Amino acid sequence: MRMSDHRPDAAVETSEDELVEAEIVPTTEIPDPHALGLELPEDREAAIEMLLVELKSARDEGDSYLDDLKRVAADFDNYRKRTTRENAVMLDRATERVVMGLMPVLDTFDAALQSDPKTETEKKQYSGMLNTREQLLNALKDEGLEVIATVDEPFDPEIHEPVGAPSGEGRLTVTQELRRGYRLRGKVLRAALVVVDVG
């Protein structure tokens, strides 16, 4: 049986069943009680009792500090999450403002591209406008912009704004797009202006 290194009164049982006092070698240097601000009584039992009271007090104080630290950590985590959410909302609003400001530019491109180029110069200009519009749309798509589908799509009042009312009853289908509609990260920025008819 191994000798204990932790109890001052440790003893081992020998093969002859004799109890032998073990010599304890402390693994760390025992601090001076005076350096810790303690005046230990001469009586061993009283000193142990005093040390146990001091230990309990230190543990209670440590638990209190740990609880405070956990509260601070939780508060900081909540603050970090709230700040992340607020930053995301601010970024979404800023992106939405920029896209809304560029919609008239996109509408101008769409209107200009309705023309039918005849001469070689007009064809080059048309091609240049088409490429510029596509570059602008692709840049905005990277920010979450998507064009709302229209022609031959079932009419959806959430994303389509109809012009006039079709005659007859039945399933409505979009037959013509008058102005493009856009969504930004799933939110409808502007419904598409469309002509609908009974499909």
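Predicted model: local features only at pLDDT ≥ 70, side-chain atom pairs only at ≥ 80, totals over all residues.

Visitor: Got it. What share of the residues counts as buried?

Guide: Of the 199 residues of the protein chain, 17% are buried. Here buried means under 20% relative accessible area, exposed over 50%, and partly exposed in between (1.4 Å probe, protein chains only).

Visitor: Let's look at helix α2. What distance separates its end C-alpha atoms?

Guide: They are 31 Å apart. Helix α2 covers residues 120-141, and at 1.5 Å a residue its 22 residues should span 32 Å, so the two values agree. The expected span is 1.5 Å times one less than the number of residues.

Visitor: Which residues of α2 are buried?

Guide: R133, L137 and L140 are the buried residues of α2. Looking down the axis of α2, its buried residues fall within an arc of 60°, so they line one face of the helix. That arc is taken from the directions from the helix axis to the C-beta atoms. On the other side of α2, you'll find E120, T121, K124 and Q135 exposed.

Visitor: And what covers the buried residues of α2?

Guide: The cover includes α1 (44-112), β3 (145-147) and β6 (182-184). As a close-up, L137 touches L106, L145, V147, R180 and Y182, leaving out residues up to four places away in sequence. Contact here means heavy atoms within 4.5 Å.

Visitor: Which residues make up the largest nonpolar core?

Guide: There are nine: V99, M103, L106, L137, L140, L145, Y182, L184 and L189. The elements giving two or more residues to this core are α1, α2 and β6, and α1 gives the most, with three. A nonpolar core is a set of buried Ala, Val, Leu, Ile, Met, Phe, Trp, Tyr and Cys residues joined through side-chain atoms within 4.5 Å.

Visitor: Where do F76 and Y79 sit relative to each other in α1?

Guide: F76 and Y79 are three residues apart in helix α1, which separates them by about one helical turn. F76 counts as exposed at 53% relative accessibility, while Y79 is partly exposed at 46%.

Visitor: What about V174, is it buried or exposed?

Guide: V174 is buried, with a relative accessible area of 0%. It lies in strand β5 (residues 172-179). Apart from neighbours within four places in sequence, V174 is in contact with T150, V151, D152, E153, F155, H160, V194, V195 and V196.

Visitor: T150 is on that list. Where does T150 lie?

Guide: T150 lies in the loop between β3 and β4 (160-162), and at 8% relative accessibility T150 counts as buried. Beyond neighbours within four places in sequence, T150 has contacts with H160, V174, E177, A192 and V194.

Visitor: And D152, what is its phi like?

Guide: Phi of D152 is near 70°, a positive value in a residue other than glycine. Most residues other than glycine have a negative phi. D152 is also in the loop between β3 and β4, and D152 is exposed at 63% relative accessible area.

Visitor: What is the phi of R185?

Guide: Phi of R185 is near 50°, also positive in a residue other than glycine. R185 lies in the loop between β6 and β7 (187-190) and counts as partly exposed at 42% relative accessibility.

Key. Residues numbered from 1 in each chain as written. Heavy atoms only, no water. Helix = DSSP H or I, 4+ residues; strand = E, 2+ residues; numbered from the N terminus.
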